[in-house]
Amino acid sequence: MTDLCVICSTSVVNTVRSVLQEHKLNDPDRRLKFLKADGLVAVPVKCTVSKDILLEILQQNHDLGSCINNIEIRHENLPKSKKLSVKSPHTVMIDRLKSLVIDSGHNWTDKLHEDIPSHWERHGDLVLIPDTTFTLTVWKSIGDKVWENVVESLGCKRLACKSKISIDGYRTPQVYMLYGDNGLVEHVDNGIRYTYDITKCMFSMGNITEKLRVANMCCRDEIVVDLYAGIGYFTLPYLVHSGVKHLHACEWNQNAVEALQKNLELNGVTDRCTLHAGDNRQVCPRGIADRVNLGLIPSSREGWPVACAALKPDTGGILHVHYNVNTKLRTGNQNKNESFEPADVFRHEAKSHHGISDSVLNTANCIDDSSTDRITNNTKHCVCSKVKDHKVAQFKVCEYCESRDCDSKMVHLHDVNADNSGDTDYLMSNKDCDTNIKQTYKDSKCHNVEISKWYPWAQTTSKEIREILYEVHHSEWTTRILHIEHVKSYAPYVDHVVLDLECRPCCYKVS
Ligand SMILES: C[S@@+](CC[C@H](N)C(=O)[O-])C[C@H]1O[C@@H](n2cnc3c(N)ncnc32)[C@H](O)[C@@H]1O
């Protein structure tokens, strides 16, 4: 089928195009065509208009002057626009596989179409496709030609298939090769080189934000332990970017140990890293660390006693605890799984951690669930909530309240004059602790509400780790939640988070 176009000289092409655009008659799916024989240009027009009306529209434009007499409207074959002529790899793959299926004597069906991957991971010249694709028997009956076509469509050389990472302790990736003879890949990320065999070691693309956060930490002069080093996913950013003095990497998967060894060499940091091959519960050094990374999900709980024992007994340090937190509140009724609301968290927090009774919580317009929007853990362990009538309920506890049953818990109700600055001033006083702090919180509602989803877990973990510290070091320790980092959403209502927990022996004095 030919396309409707305006044939005009090159001197008026732009005028013709702007008239067409003004009347929304330009055809974006076709390109201009130079008609070499007569030195004219064919400008594409949408076929929604008749020749006569189009001519009338052009005649009304005075800029065309006498040139209008040389304009012709007729049908020509025009090339497709670039946008239409460049096909996505996905479309190319479907077109090629469709021809292959038909040429092999099978019928093309919607089911086959849906069985082709629409997303994949690229690792250099190797592409990983999910194992939920190419499940139909037709593909098997055609054989390797399917993979050849996929590889050519995606512009890669090797193809592998990935199912969910196994839940064995080794986090062995369930990846197998479909096309190509080995799974060796290389990544360069934030200036760090990683090589590994994709069929033997895991590499999580989803942890990128945490890896960048680690790279930006300042760990100068610190001794760091990475309890689950893998191929060096966090070990290398610590060594290359955050300036650690020395890092102890524990890893029990021999394939990962070999890859890590190679990656340390590739990045020139071998001399600042000691590799402890084996189960961290046996091989991790004790009493030497300023910081311990516990990068294992769904839970790093088994490593908590190891991490506590690794901390320096005199000064303690910081733990980075990875965990998949379930943000659904479990109730007695199995069918009624409510999600955490900030107000629920606030009540839970106030009651279970600060011993504030229901009767106090229910007094004097105390908590207005609909407006409770602040669950804040600042350096002084204070939890606040907005209440009705511009009042604020403050549950002020002393710095060590988390670890001790402290008498200094108080409930204050202060009038707050809302100024329109977007900030609210909370005056906190605690005579028992002899502190007077005037703290301004930015009104970052979303952030606080987000944090509140993970806060109960962080509080419980903080308490549990404090108990482990007591058992391991035979002395009282304090723990303080410094930060909760959301790495990614792992599944509905399951978030991969990292808790930064400061752990200090009670005798520790900040110099
Ligand atoms: C999730 S991978 C993490 C690697 C890296 N932290 C990351 O996020 O890419 C966990 C690693 O911990 C190792 N691992 C699990 N339990 C271990 C243990 N008890 N001792 C030593 N290594 C362990 C596994 O072999 C695996 O390589």
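Four strands make an open sheet of mixed pairing, in the order E5-E6-E7-E8. Strands here are DSSP runs of E with at least two residues, helices are runs of H or I with at least four, and both are numbered from the N terminus. Two strands pair if DSSP finds at least two bridges between them. This is a predicted model: local features need pLDDT of at least 70, side-chain atom pairs count only at pLDDT 80 or more, and totals for chains, interfaces and linings use all residues. Residues are numbered from 1 along each chain as its sequence is written.

E5 runs antiparallel to E6 (residues 126-130), and 3 bridges join them. Arginine 122 has valine 127 in E6 as its bridge partner.

Now the ligand. Which residues come nearest to it? They are Tyr228, Gly230, Tyr233, Asn253 and Gly295, out of 20 residues around the ligand; a residue counts as near if its C-beta atom, placed from the backbone, lies within 6 Å. Strand E12 (246-251) and helix H11 (280-283) each supply at least two residues of this shell. The ligand lies between domain 2 (89-182) and domain 3 (206-327 + 459-505), because both give residues to the shell. Those domain bounds come from an automatic or database domain assignment.
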